[in-house]
Amino acid sequence: MSNNHPKIDKFFGVMAIATFLVASSITIGTFLAFRKNQTAIATQDLPASNQVKPPAKPPSQSSAKLNNLNFTVPVQYQGKTVYQAQIDSHKKANTYAGRKVIALTFDDGPWQKTTPEILDILKQNQIKATFFWVGQAIQANPNLAKQVVAEGHAIGNHTWHHWYRRMDAATAKNEIERTSELIYKTTGVKTQLFRPPGGVLNNGLASYAKSQKQAVVMWSLTSADTDPRAKPEVFVKNVVKGAKPGYVVLMHDGGGDRQRTVKALPKIISGLKQQGYEFVTVPELLEMSL
């Protein structure tokens, strides 16, 4: 009998430890469940701004692609040279009958000092414009390019070097495609809008752009802000007095000192507003003419 006591004692010892562990597990589980419940109740009582939220998931690649912008033109304008838009009240554009619309465009940027000043003026007046960019200027000012797009303006291609001279097909292609690639790489924008430097149509650039179904966007009204002798008041007079519905207005935010353009722009805008004009981008203008 005495030999069995150690076995019995060992058996009851094991049972006691097991009972203690089970009881402890139940107690701890009950306590944790109680704390979780109390935390949930307390969180519900907090304002939404103070509630702890799970970390946001990083944007997926597919959602990031949705931020890319395509400035396309209607089929009727692809491969064509455009000077202005005809708002025909007898067609679909009846919606726009009686509305005086005009498109402000800026060439040769983005430019270090002038572009931000012009953006501020446009923002103050709640106006969207169209910017025709030079590849070298984008390369020098990528953050400005991103700002222009972020603020909702339309973008066009204005070649890499801003050359006027005649060039062969390979050079013309490189001037346009290199700029298009940098616009996309920098801002996510793809565009069918092209403007040849100086408005030159016979040096190979316009021909290549048309072959790619781009619209060669010229202008119907110039501020003449590249005239080195003209004062800002002349720019204002040129635009305000020459404006007509459907016109595309040429100005510059880059390519040199454009402080006279910056000075003239608020008066140009106020003068056009007084005449009842609404401001649209070039893609919007072309859509309205259908």
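Me: Does H8 pass H9 in a left-handed or a right-handed crossing?
Reply: This is a predicted model, where local features need pLDDT of at least 70, side-chain atom pairs count only at pLDDT 80 or more, and totals for chains, interfaces and linings use all residues. Residues are numbered from 1 along each chain as its sequence is written, and side-chain values use heavy atoms, without hydrogens and water. A crossing is left-handed if the near helix is turned anticlockwise from the far one by less than a right angle, and right-handed if clockwise. For H8 and H9 the crossing is right-handed.

Me: At what angle do H8 and H9 pack, and how far apart are their axes?
Reply: Helices (H or I, at least four residues) and strands (E, at least two) are DSSP runs, numbered from the N terminus. Axes are lines fitted to C-alpha atoms, for helices over the stretch in contact, and angles run from 0 to 180 degrees between N-to-C directions. H8 covers residues 232–242 and H9 covers residues 259–274; they pack at about 35°, with their axes 8 Å apart.

Me: Which classes of residue make up the contact of H8 with H9?
Reply: In contact (heavy atoms within 4.5 Å), H8 residues including Phe235 and Val236 meet H9 residues including Ala264 and Ile268. Ala, Val, Leu, Ile, Met, Phe, Trp, Tyr, Cys and Pro count as nonpolar, Asp, Glu, Lys and Arg as charged, and the others, Gly among them, as polar. The contact has eight nonpolar, two polar and four charged residues.

Me: Why is the pair of phenylalanine 106 and phenylalanine 131 called stacked?
Reply: Rings of Phe, Tyr and Trp (its six-membered ring) pair if their centres lie within 6.5 Å; planes under 30 degrees apart count as stacked, over 60 as edge-to-face and the rest as tilted. A search of the whole structure finds one aromatic pair. Its ring centres are 5.3 Å apart, and the pair is stacked because the planes are at 25°.

Me: Is phenylalanine 131 buried or exposed?
Reply: Buried means under 20% relative accessible area, exposed over 50%, and partly exposed in between (1.4 Å probe, protein chains only). The relative accessible area of phenylalanine 131 is 0%, so this residue is buried.

Me: Which residues is glycine 246 in contact with, leaving aside its neighbours within four places in sequence?
Reply: Glycine 246 lies in the loop between H8 and strand E10 (248–252), and is buried at 0% relative accessible area. Its contacts beyond those neighbours are Gln84, Ala85, Val101 and Leu285.
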